[in-house]
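The following note sets out points for the attention of a colleague who is reviewing the model.

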Amino acid sequence: MKFESYWHDTAPRFTGASASPVEGDYDVAVIGGGFTGLAAARQIAKAGARVVVLEANRVGWGASGRNGGHLNNGLAHSFISAKAELGTERAIALYRALDDSVDTIEKIIAEEGIDCNFRRAGKLKLASKPQHFDAIARNFEAVHREVDPDTALLTASDLKAEIGSPFHGAMLSKKSAMMHMGRYVVGLATAASKYGATIFENAAVTSHQVAGGKHRLTTTRGTVSADHVLVATGAYTSGSSFSYFRRRIISVGSFIIATRPLTEAEIAATMPSNRTCVTSLNIGNYFRLSPDNRLIFGGRARFSATSDQRSDGKSGAILRAGLAEIFPQLAKVEIDYCWGGLVDMTKDRYPRAGFVDGVWYAMGYSGHGAQLSTHLGMIMADAILGKPDRNPLKGLDWPAVPGHFGKPWFLPLVGLYYKTLDRFQ
Ligand SMILES: Cc1cc2nc3c(=O)[nH]c(=O)nc-3n(C[C@H](O)[C@H](O)[C@H](O)COP(=O)(O)OP(=O)(O)OC[C@H]3O[C@@H](n4cnc5c(N)ncnc54)[C@H](O)[C@@H]3O)c2cc1C
(Lines give C-alpha, C1' and ligand atoms only; values in the text may rest on other atoms or scores of the structure.)
Protein backbone atom coordinates (compact mmCIF):
# COMPACT_ATOMS: atom_id res chain seq x y z
CA MET A 1 0.00 0.00 0.00
CA LYS A 2 1.25 3.48 -0.86
CA PHE A 3 0.86 6.20 1.76
CA GLU A 4 0.43 8.82 -0.94
CA SER A 5 -2.47 10.59 -2.62
CA TYR A 6 -3.73 8.63 -5.63
CA TRP A 7 -4.13 11.99 -7.45
CA HIS A 8 -0.48 12.89 -6.83
CA ASP A 9 0.76 9.46 -7.82
CA THR A 10 -1.15 9.31 -11.11
CA ALA A 11 -0.71 12.89 -12.40
CA PRO A 12 2.25 14.30 -14.31
CA ARG A 13 4.51 16.68 -12.33
CA PHE A 14 4.14 20.39 -13.04
CA THR A 15 7.25 21.38 -14.99
CA GLY A 16 6.70 25.13 -15.35
CA ALA A 17 7.94 26.31 -11.92
CA SER A 18 10.60 29.01 -12.03
CA ALA A 19 14.07 27.88 -10.99
CA SER A 20 15.27 31.52 -10.73
CA PRO A 21 15.90 33.18 -7.37
CA VAL A 22 12.69 34.32 -5.68
CA GLU A 23 12.75 38.08 -6.34
CA GLY A 24 11.04 40.80 -8.34
CA ASP A 25 8.22 43.30 -8.19
CA TYR A 26 4.70 42.21 -9.17
CA ASP A 27 1.21 43.64 -9.40
CA VAL A 28 -0.12 40.69 -7.40
CA ALA A 29 1.49 38.05 -5.19
CA VAL A 30 -0.58 34.92 -4.51
CA ILE A 31 0.35 32.80 -1.50
CA GLY A 32 -0.56 29.15 -2.05
CA GLY A 33 -0.48 27.00 -5.18
CA GLY A 34 -3.77 25.10 -4.83
CA PHE A 35 -6.96 25.61 -6.85
CA THR A 36 -7.71 29.02 -5.28
CA GLY A 37 -4.27 30.49 -5.87
CA LEU A 38 -3.71 29.01 -9.32
CA ALA A 39 -7.17 29.94 -10.64
CA ALA A 40 -6.60 33.50 -9.41
CA ALA A 41 -3.11 33.61 -10.94
CA ARG A 42 -4.42 32.37 -14.29
CA GLN A 43 -7.13 35.03 -14.33
CA ILE A 44 -4.73 37.83 -13.35
CA ALA A 45 -2.06 36.77 -15.86
CA LYS A 46 -4.70 36.46 -18.60
CA ALA A 47 -5.64 40.09 -17.93
CA GLY A 48 -2.01 41.07 -18.59
CA ALA A 49 -0.99 41.87 -14.99
CA ARG A 50 2.27 40.65 -13.40
CA VAL A 51 1.49 37.88 -10.93
CA VAL A 52 3.65 35.57 -8.83
CA VAL A 53 2.53 32.39 -7.00
CA LEU A 54 4.52 31.47 -3.88
CA GLU A 55 3.96 27.83 -2.95
CA ALA A 56 5.59 26.30 0.13
CA ASN A 57 5.75 22.79 -1.34
CA ARG A 58 4.70 22.01 -4.87
CA VAL A 59 1.68 22.89 -6.95
CA GLY A 60 -1.35 20.91 -5.70
CA TRP A 61 0.48 19.64 -2.61
CA GLY A 62 -2.31 20.72 -0.24
CA ALA A 63 -6.01 19.83 -0.16
CA SER A 64 -6.29 20.37 -3.92
CA GLY A 65 -4.20 17.27 -4.54
CA ARG A 66 -5.55 15.19 -1.66
CA ASN A 67 -9.34 15.40 -1.82
CA GLY A 68 -12.11 12.95 -2.62
CA GLY A 69 -12.45 14.03 -6.25
CA HIS A 70 -16.08 15.20 -5.99
CA LEU A 71 -17.24 18.39 -7.73
CA ASN A 72 -20.65 18.59 -6.13
CA ASN A 73 -22.99 21.40 -7.05
CA GLY A 74 -25.18 23.14 -4.50
CA LEU A 75 -24.60 23.57 -0.81
CA ALA A 76 -23.11 21.01 1.57
CA HIS A 77 -25.47 22.42 4.19
CA SER A 78 -29.15 21.68 4.06
CA PHE A 79 -30.65 24.48 1.94
CA ILE A 80 -33.37 24.93 4.57
CA SER A 81 -30.82 25.61 7.32
CA ALA A 82 -28.73 27.83 5.01
CA LYS A 83 -31.81 30.00 4.43
CA ALA A 84 -32.41 30.23 8.17
CA GLU A 85 -28.74 31.03 8.90
CA LEU A 86 -27.87 33.31 5.98
CA GLY A 87 -31.21 34.63 4.76
CA THR A 88 -32.89 33.44 1.56
CA GLU A 89 -31.06 35.79 -0.79
CA ARG A 90 -27.54 34.83 0.28
CA ALA A 91 -28.40 31.13 0.56
CA ILE A 92 -29.61 31.15 -3.04
CA ALA A 93 -26.58 33.21 -4.17
CA LEU A 94 -24.23 30.72 -2.51
CA TYR A 95 -26.09 27.71 -3.93
CA ARG A 96 -25.79 29.27 -7.40
CA ALA A 97 -22.09 30.07 -6.84
CA LEU A 98 -21.47 26.36 -6.26
CA ASP A 99 -23.45 25.49 -9.40
CA ASP A 100 -21.46 28.11 -11.33
CA SER A 101 -18.22 26.67 -9.92
CA VAL A 102 -18.77 23.35 -11.67
CA ASP A 103 -19.58 25.22 -14.92
CA THR A 104 -16.44 27.36 -14.48
CA ILE A 105 -14.25 24.28 -14.13
CA GLU A 106 -15.86 22.66 -17.15
CA LYS A 107 -15.13 25.82 -19.19
CA ILE A 108 -11.49 26.06 -18.05
CA ILE A 109 -10.91 22.40 -18.89
CA ALA A 110 -12.28 22.97 -22.40
CA GLU A 111 -10.41 26.25 -22.92
CA GLU A 112 -7.07 24.91 -21.74
CA GLY A 113 -7.47 21.36 -23.06
CA ILE A 114 -6.86 19.79 -19.62
CA ASP A 115 -7.10 15.99 -19.76
CA CYS A 116 -8.63 15.24 -16.34
CA ASN A 117 -11.62 12.91 -16.82
CA PHE A 118 -14.22 15.59 -16.00
CA ARG A 119 -17.67 13.97 -16.02
CA ARG A 120 -21.17 15.18 -14.95
CA ALA A 121 -21.73 12.05 -12.92
CA GLY A 122 -24.43 13.32 -10.54
CA LYS A 123 -24.21 13.16 -6.75
CA LEU A 124 -26.15 10.95 -4.35
CA LYS A 125 -26.72 12.21 -0.82
CA LEU A 126 -27.48 8.86 0.82
CA ALA A 127 -29.73 8.44 3.87
CA SER A 128 -27.86 6.28 6.39
CA LYS A 129 -30.94 6.00 8.64
CA PRO A 130 -34.69 6.02 7.87
CA GLN A 131 -35.21 9.31 9.74
CA HIS A 132 -32.41 10.89 7.67
CA PHE A 133 -34.46 10.22 4.54
CA ASP A 134 -37.28 12.37 5.97
CA ALA A 135 -34.86 15.27 6.39
CA ILE A 136 -33.38 14.70 2.91
CA ALA A 137 -36.91 14.65 1.41
CA ARG A 138 -37.82 17.95 3.14
CA ASN A 139 -34.63 19.55 1.91
CA PHE A 140 -35.12 18.15 -1.59
CA GLU A 141 -38.55 19.77 -1.84
CA ALA A 142 -37.12 23.21 -1.01
CA VAL A 143 -34.09 22.80 -3.29
CA HIS A 144 -36.10 21.46 -6.21
CA ARG A 145 -38.77 24.16 -5.93
CA GLU A 146 -36.56 27.17 -5.24
CA VAL A 147 -33.11 26.72 -6.68
CA ASP A 148 -32.24 23.49 -8.51
CA PRO A 149 -34.80 21.61 -10.62
CA ASP A 150 -32.02 19.26 -11.78
CA THR A 151 -32.53 17.17 -8.65
CA ALA A 152 -34.54 14.05 -7.86
CA LEU A 153 -35.61 12.16 -4.76
CA LEU A 154 -34.81 8.45 -4.89
CA THR A 155 -36.45 5.90 -2.61
CA ALA A 156 -34.65 2.89 -1.17
CA SER A 157 -36.08 0.80 -3.95
CA ASP A 158 -34.97 3.30 -6.68
CA LEU A 159 -31.50 3.09 -5.19
CA LYS A 160 -31.15 -0.59 -6.05
CA ALA A 161 -30.13 0.39 -9.58
CA GLU A 162 -27.66 2.95 -8.21
CA ILE A 163 -25.68 1.38 -5.41
CA GLY A 164 -25.07 -2.08 -3.94
CA SER A 165 -25.75 -1.12 -0.35
CA PRO A 166 -29.04 -0.82 1.56
CA PHE A 167 -29.35 2.95 2.07
CA HIS A 168 -32.77 4.40 2.93
CA GLY A 169 -33.13 6.67 -0.10
CA ALA A 170 -31.19 9.64 -1.49
CA MET A 171 -31.28 13.01 -3.15
CA LEU A 172 -29.72 13.03 -6.60
CA SER A 173 -28.09 16.28 -7.76
CA LYS A 174 -27.68 15.77 -11.47
CA LYS A 175 -25.33 18.69 -12.18
CA SER A 176 -22.61 17.39 -9.85
CA ALA A 177 -19.40 16.18 -11.45
CA MET A 178 -16.12 14.40 -10.77
CA MET A 179 -12.60 14.71 -12.19
CA HIS A 180 -8.97 13.70 -11.68
CA MET A 181 -7.85 16.35 -9.21
CA GLY A 182 -4.10 15.89 -9.78
CA ARG A 183 -4.29 16.33 -13.53
CA TYR A 184 -6.57 19.34 -13.19
CA VAL A 185 -4.34 21.18 -10.72
CA VAL A 186 -1.26 20.63 -12.90
CA GLY A 187 -3.28 21.77 -15.95
CA LEU A 188 -4.37 24.91 -14.09
CA ALA A 189 -0.77 25.74 -13.12
CA THR A 190 0.40 25.12 -16.69
CA ALA A 191 -2.32 27.44 -18.02
CA ALA A 192 -1.41 30.16 -15.48
CA SER A 193 2.25 30.04 -16.49
CA LYS A 194 1.33 30.00 -20.19
CA TYR A 195 -0.36 33.40 -19.68
CA GLY A 196 2.75 34.70 -17.91
CA ALA A 197 2.31 33.92 -14.19
CA THR A 198 5.57 33.19 -12.37
CA ILE A 199 5.24 30.17 -10.10
CA PHE A 200 7.79 29.45 -7.38
CA GLU A 201 7.63 26.08 -5.64
CA ASN A 202 9.40 25.29 -2.34
CA ALA A 203 9.01 28.97 -1.48
CA ALA A 204 7.17 29.20 1.85
CA VAL A 205 6.26 32.75 2.83
CA THR A 206 7.76 33.35 6.25
CA SER A 207 7.04 37.04 6.73
CA HIS A 208 4.80 39.78 5.39
CA GLN A 209 5.47 43.48 5.75
CA VAL A 210 3.95 46.59 4.23
CA ALA A 211 5.98 49.73 3.60
CA GLY A 212 5.23 52.70 1.35
CA GLY A 213 2.09 51.00 0.02
CA LYS A 214 4.05 47.91 -1.13
CA HIS A 215 3.83 44.42 0.31
CA ARG A 216 7.12 42.61 0.95
CA LEU A 217 6.86 38.83 1.19
CA THR A 218 9.93 37.01 2.43
CA THR A 219 10.14 33.35 1.51
CA THR A 220 12.60 30.59 2.32
CA ARG A 221 14.21 31.33 -1.09
CA GLY A 222 14.13 35.13 -1.38
CA THR A 223 11.84 38.16 -1.24
CA VAL A 224 9.28 39.65 -3.62
CA SER A 225 7.32 42.88 -3.53
CA ALA A 226 3.78 43.39 -4.80
CA ASP A 227 0.94 45.91 -4.89
CA HIS A 228 -1.66 43.33 -3.84
CA VAL A 229 -1.57 40.03 -1.93
CA LEU A 230 -4.05 37.16 -2.15
CA VAL A 231 -3.85 34.65 0.72
CA ALA A 232 -4.89 31.24 -0.66
CA THR A 233 -3.36 28.94 1.93
CA GLY A 234 -6.57 27.23 3.15
CA ALA A 235 -6.14 24.69 5.91
CA TYR A 236 -2.34 24.97 5.64
CA THR A 237 -2.24 28.62 6.75
CA SER A 238 0.61 28.95 9.24
CA GLY A 239 2.98 31.50 10.77
CA SER A 240 2.41 34.65 12.74
CA SER A 241 1.91 36.93 9.71
CA PHE A 242 -1.56 35.58 9.06
CA SER A 243 -2.90 35.05 12.56
CA TYR A 244 -6.23 36.63 11.56
CA PHE A 245 -6.93 33.53 9.46
CA ARG A 246 -5.41 31.07 11.94
CA ARG A 247 -7.94 32.27 14.54
CA ARG A 248 -10.80 31.57 12.15
CA ILE A 249 -9.79 28.47 10.17
CA ILE A 250 -10.00 25.13 11.97
CA SER A 251 -7.75 22.63 10.17
CA VAL A 252 -9.32 19.17 10.42
CA GLY A 253 -7.79 15.93 9.10
CA SER A 254 -9.76 13.94 6.53
CA PHE A 255 -8.53 10.60 5.22
CA ILE A 256 -8.98 8.49 2.11
CA ILE A 257 -8.25 4.95 0.95
CA ALA A 258 -8.29 3.71 -2.65
CA THR A 259 -8.81 0.07 -3.51
CA ARG A 260 -7.18 -1.80 -6.35
CA PRO A 261 -9.08 -1.36 -9.65
CA LEU A 262 -12.43 -3.15 -9.30
CA THR A 263 -13.60 -5.72 -11.82
CA GLU A 264 -16.71 -5.14 -13.95
CA ALA A 265 -18.60 -7.60 -11.71
CA GLU A 266 -17.49 -5.79 -8.53
CA ILE A 267 -18.57 -2.44 -9.98
CA ALA A 268 -21.96 -3.86 -10.94
CA ALA A 269 -22.37 -5.10 -7.35
CA THR A 270 -21.29 -1.85 -5.66
CA MET A 271 -21.36 1.34 -7.75
CA PRO A 272 -23.25 0.56 -10.98
CA SER A 273 -24.32 4.19 -11.53
CA ASN A 274 -20.78 5.52 -10.97
CA ARG A 275 -21.77 8.77 -9.25
CA THR A 276 -20.23 10.75 -6.38
CA CYS A 277 -21.74 9.53 -3.09
CA VAL A 278 -21.93 11.16 0.34
CA THR A 279 -23.61 9.57 3.39
CA SER A 280 -25.85 11.52 5.75
CA LEU A 281 -24.11 10.86 9.09
CA ASN A 282 -22.29 13.75 10.78
CA ILE A 283 -19.12 11.65 10.69
CA GLY A 284 -20.00 10.03 7.41
CA ASN A 285 -18.21 8.85 4.29
CA TYR A 286 -17.74 10.03 0.71
CA PHE A 287 -16.84 7.80 -2.19
CA ARG A 288 -16.62 7.46 -5.98
CA LEU A 289 -14.83 5.38 -8.57
CA SER A 290 -11.50 6.61 -9.97
CA PRO A 291 -10.88 6.83 -13.73
CA ASP A 292 -9.25 3.38 -13.47
CA ASN A 293 -12.15 1.95 -11.40
CA ARG A 294 -10.72 2.04 -7.88
CA LEU A 295 -13.15 2.83 -5.09
CA ILE A 296 -11.90 6.08 -3.56
CA PHE A 297 -13.42 6.03 -0.08
CA GLY A 298 -12.97 8.88 2.40
CA GLY A 299 -14.15 10.09 5.76
CA ARG A 300 -13.17 11.94 8.86
CA ALA A 301 -12.01 8.60 10.41
CA ARG A 302 -10.28 10.23 13.39
CA PHE A 303 -10.20 13.78 14.68
CA SER A 304 -6.48 14.20 14.12
CA ALA A 305 -4.37 16.00 11.54
CA THR A 306 -2.53 13.83 9.05
CA SER A 307 1.10 13.68 10.11
CA ASP A 308 2.90 10.47 9.35
CA GLN A 309 2.36 7.01 7.86
CA ARG A 310 1.54 5.46 11.22
CA SER A 311 -1.17 7.99 11.89
CA ASP A 312 -2.59 7.79 8.34
CA GLY A 313 -2.40 3.99 8.60
CA LYS A 314 -4.62 4.05 11.71
CA SER A 315 -7.15 6.20 9.87
CA GLY A 316 -6.91 3.87 6.87
CA ALA A 317 -7.82 0.88 9.07
CA ILE A 318 -10.89 2.74 10.37
CA LEU A 319 -11.91 3.59 6.81
CA ARG A 320 -11.43 -0.01 5.67
CA ALA A 321 -13.87 -1.10 8.38
CA GLY A 322 -16.30 1.62 7.23
CA LEU A 323 -15.98 0.47 3.62
CA ALA A 324 -16.69 -3.15 4.65
CA GLU A 325 -19.77 -2.01 6.56
CA ILE A 326 -21.21 -0.21 3.53
CA PHE A 327 -20.00 -2.77 0.97
CA PRO A 328 -19.51 -6.16 2.70
CA GLN A 329 -18.87 -7.59 -0.78
CA LEU A 330 -15.59 -5.61 -0.82
CA ALA A 331 -14.52 -6.44 2.74
CA LYS A 332 -11.39 -8.26 1.58
CA VAL A 333 -10.45 -6.10 -1.39
CA GLU A 334 -6.81 -4.93 -1.49
CA ILE A 335 -6.21 -1.30 -0.53
CA ASP A 336 -3.55 0.30 -2.76
CA TYR A 337 -3.48 3.86 -1.42
CA CYS A 338 -4.04 5.59 1.91
CA TRP A 339 -3.55 9.30 2.50
CA GLY A 340 -4.79 12.25 4.49
CA GLY A 341 -5.16 15.98 4.13
CA LEU A 342 -6.40 19.00 6.03
CA VAL A 343 -9.81 20.54 5.51
CA ASP A 344 -10.19 24.30 6.12
CA MET A 345 -13.31 24.36 8.29
CA THR A 346 -14.99 27.49 9.55
CA LYS A 347 -17.13 27.40 12.68
CA ASP A 348 -20.37 27.68 10.68
CA ARG A 349 -18.98 25.69 7.70
CA TYR A 350 -19.58 28.58 5.27
CA PRO A 351 -16.58 29.73 3.20
CA ARG A 352 -15.22 33.25 3.40
CA ALA A 353 -13.66 35.60 0.84
CA GLY A 354 -12.87 39.28 0.92
CA PHE A 355 -10.28 41.87 1.97
CA VAL A 356 -8.95 42.29 5.49
CA ASP A 357 -5.84 43.86 7.08
CA GLY A 358 -4.62 44.92 3.62
CA VAL A 359 -4.78 41.47 2.00
CA TRP A 360 -7.33 39.59 -0.15
CA TYR A 361 -8.34 36.07 0.77
CA ALA A 362 -10.60 33.11 -0.15
CA MET A 363 -10.73 30.04 2.09
CA GLY A 364 -12.82 28.14 4.64
CA TYR A 365 -14.49 25.86 2.09
CA SER A 366 -15.16 23.34 4.88
CA GLY A 367 -14.70 20.20 2.78
CA HIS A 368 -16.72 21.49 -0.16
CA GLY A 369 -14.11 23.54 -1.99
CA ALA A 370 -12.82 21.43 -4.86
CA GLN A 371 -15.22 23.34 -7.15
CA LEU A 372 -15.73 26.65 -5.29
CA SER A 373 -11.99 27.32 -4.88
CA THR A 374 -11.45 27.72 -8.64
CA HIS A 375 -14.51 29.96 -8.94
CA LEU A 376 -13.77 32.13 -5.89
CA GLY A 377 -10.10 32.38 -6.88
CA MET A 378 -11.23 33.92 -10.17
CA ILE A 379 -13.78 36.17 -8.47
CA MET A 380 -11.11 37.49 -6.08
CA ALA A 381 -8.74 37.98 -9.02
CA ASP A 382 -11.38 40.13 -10.72
CA ALA A 383 -11.87 42.13 -7.52
CA ILE A 384 -8.11 42.76 -7.34
CA LEU A 385 -8.13 43.83 -10.99
CA GLY A 386 -10.86 46.37 -10.16
CA LYS A 387 -13.60 44.55 -12.06
CA PRO A 388 -17.20 44.44 -10.74
CA ASP A 389 -17.46 42.63 -7.42
CA ARG A 390 -19.18 39.22 -7.77
CA ASN A 391 -18.22 37.89 -4.34
CA PRO A 392 -21.24 35.93 -2.99
CA LEU A 393 -19.71 36.09 0.52
CA LYS A 394 -19.17 39.84 0.66
CA GLY A 395 -19.94 41.26 4.08
CA LEU A 396 -20.54 37.89 5.75
CA ASP A 397 -19.40 38.30 9.34
CA TRP A 398 -16.40 36.15 10.36
CA PRO A 399 -15.75 36.24 14.11
CA ALA A 400 -12.66 34.50 15.53
CA VAL A 401 -13.24 31.09 17.15
CA PRO A 402 -12.99 31.76 20.91
CA GLY A 403 -9.87 30.17 22.43
CA HIS A 404 -8.51 29.13 19.01
CA PHE A 405 -5.04 30.33 18.01
CA GLY A 406 -4.15 27.86 15.24
CA LYS A 407 -4.00 24.42 16.88
CA PRO A 408 -7.53 23.02 17.22
CA TRP A 409 -7.17 21.48 20.72
CA PHE A 410 -10.97 21.11 20.95
CA LEU A 411 -11.35 18.70 17.99
CA PRO A 412 -11.54 15.44 19.99
CA LEU A 413 -14.45 16.96 21.97
CA VAL A 414 -16.22 18.00 18.76
CA GLY A 415 -15.62 14.50 17.38
CA LEU A 416 -17.15 12.91 20.46
CA TYR A 417 -20.16 15.21 20.22
CA TYR A 418 -20.86 14.29 16.58
CA LYS A 419 -20.26 10.56 17.18
CA THR A 420 -22.85 10.70 19.95
CA LEU A 421 -25.30 12.56 17.68
CA ASP A 422 -24.79 9.90 14.98
CA ARG A 423 -25.59 7.15 17.50
CA PHE A 424 -28.88 8.66 18.64
CA GLN A 425 -30.21 10.74 15.69
C1 LIG B 1 -9.07 14.55 2.36
C2 LIG B 1 -9.86 15.67 1.72
C3 LIG B 1 -10.97 15.38 0.95
C4 LIG B 1 -11.70 16.39 0.33
N5 LIG B 1 -12.68 16.05 -0.54
C6 LIG B 1 -13.33 17.02 -1.23
C7 LIG B 1 -14.26 16.68 -2.23
O8 LIG B 1 -14.41 15.51 -2.61
N9 LIG B 1 -14.97 17.68 -2.81
C10 LIG B 1 -14.79 18.99 -2.45
O11 LIG B 1 -15.49 19.85 -2.97
N12 LIG B 1 -13.82 19.35 -1.58
C13 LIG B 1 -13.08 18.41 -0.97
N14 LIG B 1 -12.08 18.75 -0.12
C15 LIG B 1 -11.75 20.18 0.04
C16 LIG B 1 -10.99 20.77 -1.16
O17 LIG B 1 -9.96 19.90 -1.55
C18 LIG B 1 -10.41 22.14 -0.77
O19 LIG B 1 -11.48 22.98 -0.34
C20 LIG B 1 -9.67 22.86 -1.89
O21 LIG B 1 -8.75 22.02 -2.51
C22 LIG B 1 -8.98 24.09 -1.32
O23 LIG B 1 -8.07 24.59 -2.28
P24 LIG B 1 -7.09 25.77 -1.85
O25 LIG B 1 -6.32 26.14 -3.06
O26 LIG B 1 -7.84 26.86 -1.18
O27 LIG B 1 -6.15 25.14 -0.73
P28 LIG B 1 -4.98 24.06 -0.85
O29 LIG B 1 -5.14 23.18 -2.01
O30 LIG B 1 -4.86 23.42 0.49
O31 LIG B 1 -3.70 24.95 -1.15
C32 LIG B 1 -3.09 25.74 -0.16
C33 LIG B 1 -1.60 25.78 -0.49
O34 LIG B 1 -0.99 26.80 0.29
C35 LIG B 1 0.34 26.40 0.54
N36 LIG B 1 0.83 27.20 1.66
C37 LIG B 1 0.42 27.20 2.94
N38 LIG B 1 1.12 28.09 3.67
C39 LIG B 1 2.00 28.68 2.81
C40 LIG B 1 3.01 29.68 2.97
N41 LIG B 1 3.24 30.27 4.15
N42 LIG B 1 3.73 30.04 1.88
C43 LIG B 1 3.50 29.46 0.66
N44 LIG B 1 2.55 28.51 0.47
C45 LIG B 1 1.82 28.12 1.53
C46 LIG B 1 0.22 24.92 0.85
O47 LIG B 1 1.46 24.25 0.64
C48 LIG B 1 -0.87 24.48 -0.13
O49 LIG B 1 -0.35 23.89 -1.30
C50 LIG B 1 -11.34 17.75 0.53
C51 LIG B 1 -10.22 18.07 1.31
C52 LIG B 1 -9.48 17.04 1.90
C53 LIG B 1 -8.27 17.39 2.71
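1. Helices (H or I, at least four residues) and strands (E, at least two) are DSSP runs, numbered from the N terminus. The model is predicted, so local features need pLDDT of at least 70 and side-chain atom pairs count only at pLDDT 80 or more, while totals for chains, interfaces and linings use all residues. Residues are numbered from 1 along each chain as its sequence is written, and side-chain values use heavy atoms, with hydrogens and water left out.

2. The ligand is surrounded by 39 residues, a residue being near if one of its heavy atoms lies within 4 Å. The closest are T36, E55, S64, V205 and A370. Elements that each supply at least two residues of this shell are α2 (35-46), β12 (250-259) and β16 (335-345); β16 gives the most, with 4 residues.

3. Among the polar contacts of the ligand (pairs of N or O atoms within 3.5 Å), side-chain atoms of N57 and N67 each lie 3.2 Å from a ligand oxygen. A backbone N or O atom of H70 is 2.9 Å from a ligand nitrogen. The protein covers 97% of the 1000 Å² of accessible area that the ligand has on its own, as given by the Shrake-Rupley method with a 1.4 Å probe.

4. Helix α2 has 12 residues, of which 11 are buried, that is, under 20% relative accessible area (1.4 Å probe, protein chains only); exposed means over 50%, and partly exposed in between. The buried residues include F35, T36 and R42. Just after α2, G48 takes a positive phi of about 90°.

5. The whole structure holds 24 salt bridges, each a side-chain nitrogen of Lys or Arg within 4 Å of a carboxyl oxygen of Asp or Glu. One of them joins E162 and R275 at 2.7 Å, N to O. E162 lies in the loop between β5 (151-154) and β6 (170-173) and R275 in the loop between α8 (264-270) and β13 (276-279), so the pair ties together parts that are 113 residues apart in sequence. Both residues, E162 and R275, are buried.

6. R294 and D336 also form a salt bridge, at 2.7 Å, N to O. R294 is buried, with a relative accessible area of 10%, whereas D336 counts as partly exposed at 25%.

How values were computed: A polar contact is a pair of N or O atoms within 3.5 Å; within protein, one must be able to donate a hydrogen and the other to accept it, and residues adjacent in sequence count only if both atoms are side-chain atoms.
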